[in-house]
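Please open the model in your viewer and keep the selection panel at hand.

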Amino acid sequence: MMYKMNKKLVDLPTIKKYLIPAQKRTRRSLSGLSEEFKVTRAREVMMYRDSTDSKVSSAGILVRTGRKWNAQEAVDKAEARLRHSVLVGSVAVGRAGLGSCPKPRYDKACRREKRQLIQDEIRAEEEEDRRCRMVGMRKQGAWTRWEQTESRIVTWPELCRSEPSRIKFLISSV
């Protein structure tokens, strides 16, 4: 009885491997790893810089990351972007109105929240760079254009209940 239960637990990962398609298993390849590397190194910079121990914070410890990316510069840039977002204030996102997507303010955040905001900003910057590269590539960036969107079936009752501006949008988007 115990052998059968253990065998089921052992076989579960192999069954999952065949149930999940290959393209979904390998989705987080090198780009995800590099993003996590950058966030980890930025967290390390902030840990040394913002330490409560005066000897650690004044030691000037440098985090080595390589020649193409510098963790200290990335943290400074993320902080500058967050301070700029405080100056700009809340903005409309898509068709949502002002204040629909509340975001914590950098200037009113505590130490832990500031660290988390900086890490999120570094992730957002990496995603922005990735998206810029994808749009720049003709074939690989095809998913960012309207031609590749999912088709939508619009029924007559739904069309009759819609507002005229929405109907105009649906017709012009075809």
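The structure holds 13 salt bridges, each being a side-chain nitrogen of Lys or Arg within 4 Å of a carboxyl oxygen of Asp or Glu. This is a predicted model, in which local features need pLDDT of at least 70 and side-chain atom pairs count only at pLDDT 80 or more, while totals for chains, interfaces and linings use all residues. Residues are numbered from 1 along each chain as its sequence is written, and side-chain values use heavy atoms, with hydrogens and water left out.

Select Lys77 and Glu125 first. Their side chains meet in a salt bridge (3.1 Å, N to O). The pair links distant parts of the chain, since Lys77 lies in helix α5 and Glu125 in helix α6, 48 residues apart; helices here are DSSP runs (H or I, at least four residues), numbered from the N terminus. Is each partner buried or exposed, where buried means under 20% relative accessible area, exposed over 50%, and partly exposed in between (1.4 Å probe, protein chains only)? Glu125 is buried, at 13%, whereas Lys77 is partly exposed, at 46%.

Next, select Asp107 and Arg105, whose side chains form a salt bridge of 2.8 Å, N to O. Then display Glu35, Glu36, Arg123, Glu127 and Arg130 together: salt bridges link them in a network.

Now colour α6 (111-136). Among the buried residues of α6 are Leu117, Ile118 and Ile122.

Those three also belong to the largest nonpolar core, which has 17 residues. Such a core is a set of buried Ala, Val, Leu, Ile, Met, Phe, Trp, Tyr and Cys residues joined through side-chain atoms within 4.5 Å. Which element supplies the largest share of this core? The helix α5 does, with six residues. Centre the view on Leu117: leaving aside neighbours within four places in sequence, Leu117 is in contact (heavy atoms within 4.5 Å) with Leu82, Pro104, Arg105, Tyr106 and Ala109.

Finally, turn to the surface and select Val88, Val91 and Val93, which form a nonpolar patch with about 250 Å² of accessible area together. Accessible areas come from the Shrake-Rupley method with a 1.4 Å probe, and for residues only the protein chains shown count as cover. Patches are made of residues with over 30% relative accessible area and no salt bridge, with like charges joined within 9 Å and nonpolar side chains (Val, Leu, Ile, Met, Phe, Trp, Tyr) within 5 Å.

Methods: Helices (H or I, at least four residues) and strands (E, at least two) are DSSP runs, numbered from the N terminus.
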